[in-house]
Every structure is written in structure tokens, then in C-alpha cells.
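Subject: Structure handover

Dear colleague,

I am passing on to you the structure we spoke about, with the sequence alongside. Please have it open while you read, as my notes on what was found in it follow below.

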Amino acid sequence: MNHDSYPDNYIRQILNGVKTIAMVGASPQNVRPSYFAFKYLAERGYDMIPINPGQVGKSLLGKPFVASLRDIDRPVDMVDIFRASAHVMPIVEDALALSPPPKVIWMQLGVRNDEAAALAEAAGLKVVMNRCPKIEYGRLSSEISWMGVNSRTLSSKRAPAPVKGMRLSLDRTSLAGADTVASDRAVRERGDGN
């Protein structure tokens, strides 16, 4: 996998396929990026598990903090890492020791550890580095376009306005990076492809 550029379908399959997400480094402070990402993903129907040893005994949006991946009492589909790159390898090793192991290791914006990624991929896990699932979800569902941001997705229909409890579809055609027939055709018509 080229970790400098991910096809939209790769990200889309991950976000459509996972249900339970353990967020390592989740913060209860509502000004921290991990708080925003946790809340956003929980509101989109993901079963979120906050992991932060300094917050055990407290909860984040009604979800009790756990100290580590080893302390989770149910299977996890994805481990979302909000820790510095130097701290990623032990987290990936803990994730691989879970039974069953997660399907995905996701490293947040600014977090990249190629050695840990190679270890996870050798074990059959999908890996995403230096990306935020909150941003990717908003972009691929076109939800982010309602805030005036160009999502780089194309559709003949405008995305529905997001309302409480609504989980938008990620199955939208993308012009940037996806390996879909529509995006390939659009690139050829612009003269950017072969």
C-alpha cells in the first residue's frame, strides 16, 4: 500500500466496514481534536471506546474510559491512534495481541510510523496513516460540502442535509483519487489521464 496517497475506495471500504472503534489518546477536553473526532464518529453510529489511562473512572460522552487496548471487553474493528508517531509501535503490538485482532489501524493527522504499519499489514490488517476518519467521513459522504468545503465528490444529486441521527452514505463517486469508472472518465475528459 502506498501510504502517501490512498484511493477513496480504500478509505470508503474501511469506514463502511467498521462498527467498533477504539480511540487511543481520546481526551475529555472539548477543545481537543480527539474529542471532536470521537463525538463526530459516535454521532454517525460508530461504537466508540475511549482509551486514556489518565482518565480511567471517567467517561467521554457516556462511554467509560479504559486504560489500554488490553482492557477492552469486546472485539474492536478499528484502532484510531491519537498519539505521537514514536508511541505507535507499542499500540500496534497491543492491537495485534487482541483476539480477534482489529481489521484496521488508523493513525491520525500528523501520525506516521512505517515500521508499525508494515507490522500491521504483515498480520493482514489495513492501515491508514496521517489521515482523520472524521474528515474522511465528511468528505466521502459529501456532508462536509454543507459547510462550504469542496469535498471533491460528484453526484447528480445534492447530498441530503445532515440531521441528528442520520448516517450519510459514503458510496458517492469521487473525482480525486478513487478508482471508479466515473472518476476515471472525468479525469480522461479533463485531459489529465491516459
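Helices, as the word is used here, are DSSP runs of H or I with at least four residues, numbered from the N terminus. Please bear in mind throughout that this is a predicted model.

The largest pocket has a volume of about 190 Å³, and of the 13 residues that line it, Val-24, Ile-51, Pro-53, Ala-67 and Arg-83 are the closest to its centre. Helix α3 (residues 88–97) supplies the largest share of that lining, namely three residues. Sorted by class, the lining of the largest pocket holds seven nonpolar, three polar and three charged residues, which may be of use when you set up your own calculations.

Turning to the strands, β1 (residues 20–24) runs parallel to β2 and is joined to it by five bridges, with Thr-20 standing opposite Asp-47 in β2. Strand β1 also pairs in the parallel sense with β5, over four bridges, and there the bridge partner of Ile-21 is Met-78. Strand β5 is in turn joined by four bridges to β6 (residues 104–107), again running parallel, where Met-78 has Val-104 as its bridge partner.

How covered are these strands? Four of the five residues of β2 (residues 47–51) are buried, while β5 (residues 78–81) is covered on both faces, with Met-78 and Asp-80 buried on one side and Val-79 and Ile-81 buried on the other. In a regular strand the side chains alternate between the two faces of the sheet.

The largest nonpolar core has 49 residues, of which Leu-69, Val-79, Ile-105 and Met-107 touch the most other members. Leaving aside neighbours within four places in sequence, the contacts of Met-107 include Ile-81, Val-88, Ala-117, Val-127 and Met-129.

Helix α1 (residues 8–17) is largely enclosed by the rest of the structure, because seven of its ten residues are buried; among them are Tyr-10, Ile-11, Ile-14 and Leu-15. In helix α2 (residues 33–43) lies Leu-41, which is buried with a relative accessible area of 0%. Not counting residues up to four places away in sequence, Leu-41 touches Ile-21, Tyr-46, Met-48, Pro-133 and Lys-134. Although Leu-41 and Lys-134 are 93 residues apart in sequence, their C-alpha atoms are 6.5 Å apart in space.

With best wishes

How values were computed:
Residues are numbered from 1 along each chain as its sequence is written. This is a predicted model: local features need pLDDT of at least 70, side-chain atom pairs count only at pLDDT 80 or more; totals for chains, interfaces and linings use all residues. Side-chain values use heavy atoms; hydrogens and water are left out. Buried means under 20% relative accessible area, exposed over 50%, partly exposed in between (1.4 Å probe, protein chains only). Helices (H or I, at least four residues) and strands (E, at least two) are DSSP runs, numbered from the N terminus. On a 1 Å grid over the protein atoms alone, a cavity is a set of points where a 1.4 Å probe fits but cannot get out, and a pocket is an open set with protein on both sides within 12 Å along at least five of seven lines; lining residues have an atom within 4 Å of a point. Grid points are joined across faces, edges and corners, and a volume is the space filled by probe spheres set on the points. Ala, Val, Leu, Ile, Met, Phe, Trp, Tyr, Cys and Pro count as nonpolar, Asp, Glu, Lys and Arg as charged, and the others, Gly among them, as polar. A nonpolar core is a set of buried Ala, Val, Leu, Ile, Met, Phe, Trp, Tyr and Cys residues joined through side-chain atoms within 4.5 Å. Contact means heavy atoms within 4.5 Å. Two strands pair if DSSP finds at least two bridges between them.
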